[in-house]
Amino acid sequence: MAAKKGRSGIATLINGAGFLLAVILVLHIVLVLFHLPSENGLADSVRGAAEPLALFFPGLIQTTNAQLQLLFDYGLAAAFWVLVASLLARVFG
């Protein structure tokens with residue numbers, strides 16, 4: 001019998017979920033950097049979803065530049081979710 005090629009469905013699902021969480025965090029970074037008004041429903045929804053996904057990363061690295069701080073806080077969290085999803089997909093795939 002030939003070995004099964006490709007990933008299992010659960011591994012693909014886990015990777016997709018990690019990617020989606022990272023996209024929410026990166027979208028929050030973009031919306032804040034482009035100064036989209038917080039009254040906007042999209043920006044408010046994305047911010048509401050991104051804040052709990054950032055976990056312990058906000059304030060982990062301190063900088064004096066607000067834009068760089070935003071990149072560290074949410075960018076590290078996005079990288080974390082992609083890494084965790086990738087590791088879990090390898091375990092379950």
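Let us start at the surface: the chain exposes about 6,300 Å², and carbon and sulfur atoms supply 70% of that area (accessible areas come from the Shrake-Rupley method with a 1.4 Å probe, and for residues only the protein chains shown count as cover). Keep in mind that this is a predicted model, in which local features need pLDDT of at least 70, side-chain atom pairs count only at pLDDT 80 or more, and totals for chains, interfaces and linings use all residues. Residues are numbered from 1 along each chain as its sequence is written, and side-chain values use heavy atoms, with hydrogens and water left out.

Now look at the fold. You will find three helices and zero strands (DSSP runs numbered from the N terminus, helices being H or I with at least four residues and strands E with at least two). The radius of gyration, taken over C-alpha atoms, is 16 Å, well over the 12 Å that the globule rule gives for 93 residues, so the chain is more spread out than a compact globule (the rule is 2.2 Å times the number of residues to the power 0.38). Along its principal axes, the C-alpha trace spans about 60 × 30 × 20 Å.

What is tucked inside? Buried residues make up 26% of the 93 residues, where buried means under 20% relative accessible area, with a 1.4 Å probe and protein chains only. Helix 3, residues 66–92, contributes several buried residues, among them Leu70, Tyr74 and Trp81. Their cover includes helix 1 (9–33) and helix 2 (41–53), through contacts, meaning heavy atoms within 4.5 Å.

Technical notes:
Buried < 20%, exposed > 50% of the residue type's maximum accessible area, 1.4 Å probe, protein only.
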